[in-house]
Amino acid sequence: MDLQVLTCPISMAETVLDTAAENAFDLDIHLPEYYPDIQRILRCTVTPNIHAVTVGQDRVNAEGSGVMRMLYAAEDKKVVSFEQTFPISKSTPWKEIPEAAVTAFAKTDFVNCRASGQRKATVHGVVSLRFRAQKKTQQSVVIGAENPCLQMRQKPAQAISLNACAERNFAMSEVVEVGAQNPPVSRILRSHSTISVESIKAIKDKLLVKGELLTDVLYAPESGEELCSFRHAMPVSQILEAAGIEENNVQDISLQVVSLETTPKADGSGEQRLLEIAVRVQASVRSGAQIQMQTVQDAYTTEGALQAEYQEMEMHTLSQQINDSMTAKQTFDLTGESIASLLDAFCGTVQTAYHTEEDTIVFTCETTVSFLYRDMDGNPAMADRQMTFTYRKILPEKTERAECTPVVQISGCKASLGADGKVEVKLEILLSGTVYAVHKQRVLVSAQAQEETAQAERPALTIYFTDPEEAVWDIARRYKTTAEAILAENELTGETIDEKRMLIIPRA
């Protein structure tokens with residue numbers, strides 16, 4: 001017997017590489033002559049930047065730099081920043097897979113900074129790099145057959161079939177003025193960028209992405225003790241190319257800043273009133289078509305035997321695309337820190353987890369809020385507190401499980417000191433991500449007819465006594481006939497037998 005089955009291909013993203021490698025570093029700091037002596041180290045941070053990811057036949061290599069920034073208190077009670085850049089290079093073995101989308105992300109695991117003299121310090125730490133690669137894989141699902149001997153129990157299903165899977169990098173830079181109302185820049189103490197997507201337009205094999213890049217800079221002026229803050233908005237307009245993108249696809253794109261450099265520049269008067277902002281952005285692009293089909297839950301033949309293969313497949317459908325903002329407030333008791341005035345407040349990276357509650361997806365986010373302040377004696381000092389906030393989004397419909405890779409960014413952090421010594425913090429937060437509804441379904445992926453063995457001649461009619469709630473499909477499968485034939489012979493309309501009764505089972 002020849003079985004001509006009809007199939008529908010579904011493409012999915014398969015993770016073929018997901019590993020992390022550590023890059024330890026040791027730095028010996030020697031302050032230049034024009035820097036004041038170290039009285040006390042306030043904070044030492046390392047910001048890793050990824051500049052390039054190269055793929056060979058047996059290795060993936062990431063090249064970048066780490067920006068070490070040491071904040072310290074000088075003898076005149078000023079806050080001084082010293083910056084030093086060092087190279088980062090790490091690779092991981094892998095078996096090259098054609099058309100895989102490869103990327104690398106870096107984060108600082110820990111930093112230990114110790115003053116070894118008034119003009120010396122030693123820094124030790126570890127930066128970890130996560131390598132990830134995904135590729136398109138295709139699975140064929142049986143949706144029908146041309147042979148009338150093949151009986152199929154079918155169920156409608158929806159799924160997103162991936163058309164494009166790519167990682168792209170692009171660079172942005174601009175030289176901006178700090179403004180006539182602000183003093184010239186002496187040294188940068190802190191800089192941070194967030195990026196948001198405002199619109200996406202798809203054409204053949206291309207995405208036009210528009211958005212905004214916000215950069216916040218805290219710097220020490222050339223004269224005076226007060227620190228200055230500066231914010232600049234840079235428009236984002238990029239064309240990202242990836243084979244397979246179609247206009248009517250579901251577009252899933254996330255942007256993350258993987259490298260930021262802010263450099264003071266002199267203007268025509270010789271004063272450092274310019275800032276060069278240079279950013280590299282990692283774009284993860286996924287694009288797919290949402291398809292409808294009839295999957296096969298169970299199958300058999302009325303003639304001969306059937307060799308069938310089934311799989312538990314996860315079907316992804318678009319639930320919702322999030323591009324939202326929110327505020328989070330919390331009051332911290334810092335009375336034990338003896339704060340006279342706040343100089344700055346900023347946040348570290350955001351750790352995010354999510355879960356579903358019926359028709360709601362809940363994001364739980366945690367970050368560290370750092371406070372730079374002066375104590376009652378006028379000395380600069382720092383304190384850290386943990387802050388947790390949640391974001392809830394109602395989904396269009398209930399789902400067995402929701403899946404999302406959220407991007408949560410802190411676009412603003414404001415803190416105010418109360419008369420009672422407590423500090424109120426207000427965070428401006430950007431949230432983005434694509435939420436997928438995930439349904440597990442048993443599907444037929446292949447069916448082949450087996451050679452018939454000699455069988456006794458089946459009778460034209462069989463008498464069968466049913467059990468209550470017995471399915472007509474199961475009875476037909478047992479006797480190698482069709483459910484339609486049993487229903488017609490016994491003048492039945494339902495798919496289940498409600499009570500015990502006698503059935504006539506005709507031969508198919």
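A residue counts as buried when its relative accessible area is under 20%. By this cut-off tyrosine 464 is buried, because its relative accessible area is 11%. The model examined here is predicted.

Eight aromatic pairs occur in the structure. One of them joins tyrosine 354 and phenylalanine 363. Their ring centres are 6.0 Å apart. The planes meet at 50 degrees, so this pair is tilted. Phenylalanine 363 is buried, at a relative accessible area of 2%. Tyrosine 354, in contrast, is partly exposed, at 30% relative accessibility.

Tyrosine 464 pairs with tyrosine 479. This pair is edge-to-face, with 70 degrees between the planes and 5.7 Å from centre to centre. Tyrosine 464 belongs to strand β21, which covers residues 461-465. Tyrosine 479 belongs to helix α1, which covers residues 472-479. The pair therefore ties together parts that are 15 residues apart in sequence.

The charged end of arginine 187 sits over the ring of tyrosine 35, at 4.1 Å from the ring centre. A further arginine is placed over a tyrosine ring elsewhere: arginine 442 lies over the face of tyrosine 310, 3.7 Å from the ring centre.

Terms used
Residues are numbered from 1 along each chain as its sequence is written. This is a predicted model: local features need pLDDT of at least 70, side-chain atom pairs count only at pLDDT 80 or more; totals for chains, interfaces and linings use all residues. Side-chain values use heavy atoms; hydrogens and water are left out. Rings of Phe, Tyr and Trp (its six-membered ring) pair if their centres lie within 6.5 Å; planes under 30 degrees apart count as stacked, over 60 as edge-to-face and the rest as tilted. Buried means under 20% relative accessible area, exposed over 50%, partly exposed in between (1.4 Å probe, protein chains only). Helices (H or I, at least four residues) and strands (E, at least two) are DSSP runs, numbered from the N terminus. A charge sits over a ring if NZ of Lys or CZ of Arg is within 6 Å of the ring centre and within 35 degrees of the ring normal.
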